[in-house]
Amino acid sequence: MPVMQRVGRATAGCLAIAAVFAVTGCSAHTAGDGQKVADWVAAEAHVSAATSLVDTDLYNQSITLTVAVDPAITDEDLSQLAVQTDHRAEDAGWSNPHITYTLGANHSVSNVGGPTTLAVFDQLRHTDGYLAVNARGTVDCGGSFCVSVVSTDPAALLAAANQLIGVAARVGGVQTDLFFAASTEGGRFVVRAQPGATPDAAVALWQSIAATVPLARADAYEAETSDGSPPAPQLDLTVASADQQATAERLVAAQTAVEARVYLAAG
């Protein structure tokens, strides 16, 4: 069973690094082994605290390492810390490290995808106007790469999602099957795009329906198909009343470009 340990120093703002390391071989690793890695990381520059979570299953050993770091850390120092933490865990016997960094509550990045993922994150975290930034980390803003913004305009959300794709392309690209998303704070309105598959038609339908019916929630995206045909635009809407639902469903039925569903809000 996983065992949690904690070390470190408290700070007002912090960057948390969660690292998951798969271990192969027959020798058992203990919570104490993970604690030694956490102790080492906790003593590094910019680090204020570290925790370790160890799964001691003999055939599926892993460690989750969470490290709190000064959110003002420079890109260079963050990159160096990530490399050093990775190497330290490998030297301790854990292979294939999976590291997640979280700056405060709303900024998170993992090492899945390597330096490209961190490069995307570094560009986004220095961009004004983003309330949250996630690059394959733990912040839930709608996608593997995502940001949270103030605007509820679906066109603005689509533009922000496309901007994420552009940033990723400029620093080396990422997997094409990942969602790049922009959402409002709290996730009420979300646009999720993929390289080469942006939900323009779904956003246009959203705008058309919103001009007539107030929406409680909306999610526009494109879904992969099982037969290899182009991704199909999708739109999920939530409204507050049965009358609004009926009106929205009539508007959905009047078109065929988007697969759309209209839900009634609970309560």
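Predicted model: local features only at pLDDT ≥ 70, side-chain atom pairs only at ≥ 80, totals over all residues.
I'll start with a helix pair: helix H1, residues 31-42, and helix H2, residues 75-91, have axes that come within 10 Å and cross at roughly 155°. An angle over 145 degrees counts as roughly antiparallel, so that is how H1 and H2 run relative to each other. Their crossing is right-handed. On the H1 side the contact is made by Val37, Trp40 and Val41, and on the H2 side by Gln84, Thr85, Arg88 and Ala89. Sorted by class, the contact of H1 with H2 has four nonpolar residues, two polar and one charged.

Is Thr85 buried or exposed? Thr85 counts as buried, because its relative accessibility is 0%. Leaving aside residues up to four places away in sequence, Thr85 touches Trp40, Val41 and Leu65. Two of these names have come up already: Trp40 and Val41 belong to the H1 side of the helix contact.

H2 has another partner. Helix H3, residues 115-125, packs with H2 at an angle of about 150°, and the axes are 11 Å apart. With the same cut-off of 145 degrees, H2 and H3 are therefore roughly antiparallel too. H2 passes H3 in a right-handed crossing. Which residues make this contact? From H2 there are Asp75, Leu78 and Ser79, and from H3 there are Leu118, Phe121, Asp122 and Arg125. By class, the contact of H2 with H3 divides into three nonpolar residues, one polar and three charged.

Ser48 is in strand E3, which covers residues 47-55. Ser48 counts as buried because its relative accessibility is 4%, and the cut-off for buried is under 20%. Ser48 and Val69 are 21 residues apart in sequence, and their C-alpha atoms are 5.4 Å apart in space.

Along the chain, Leu103 and Val133 are 30 residues apart, and their C-alpha atoms are separated by 9.3 Å.

His46 is not a glycine, yet it has a positive phi of about 75°. Where is His46? His46 sits in the loop between H1 and E3. With a relative accessible area of 36%, His46 counts as partly exposed. Arg136 also has a positive phi, of about 55°, and it is not a glycine either. Arg136 is in the loop between strand E7, residues 132-135, and strand E8, residues 145-149.

Last, the whole chain. The protein chain has six helices and 13 strands. How much of the chain is buried? Of its 267 residues, 45% count as buried. Looking at contacts between residues at least 6 apart in sequence, 63% join residues at least 24 apart. The protein chain exposes about 12,400 Å², and carbon and sulfur atoms supply 53% of that area.

How values were computed
Residues numbered from 1 in each chain as written. Heavy atoms only, no water. Helix = DSSP H or I, 4+ residues; strand = E, 2+ residues; numbered from the N terminus. Buried < 20%, exposed > 50% of the residue type's maximum accessible area, 1.4 Å probe, protein only. Contact = heavy atoms within 4.5 Å. Areas by Shrake-Rupley, 256 points an atom, 1.4 Å probe, with all protein chains shown as cover. Axes fitted to C-alpha atoms, helices over the stretch in contact; angles between N-to-C directions. Parallel < 35°, antiparallel > 145°, perpendicular 65-115°, else oblique. Left-handed = near helix turned anticlockwise from the far one by under 90°. Nonpolar A, V, L, I, M, F, W, Y, C, P; charged D, E, K, R; others polar.
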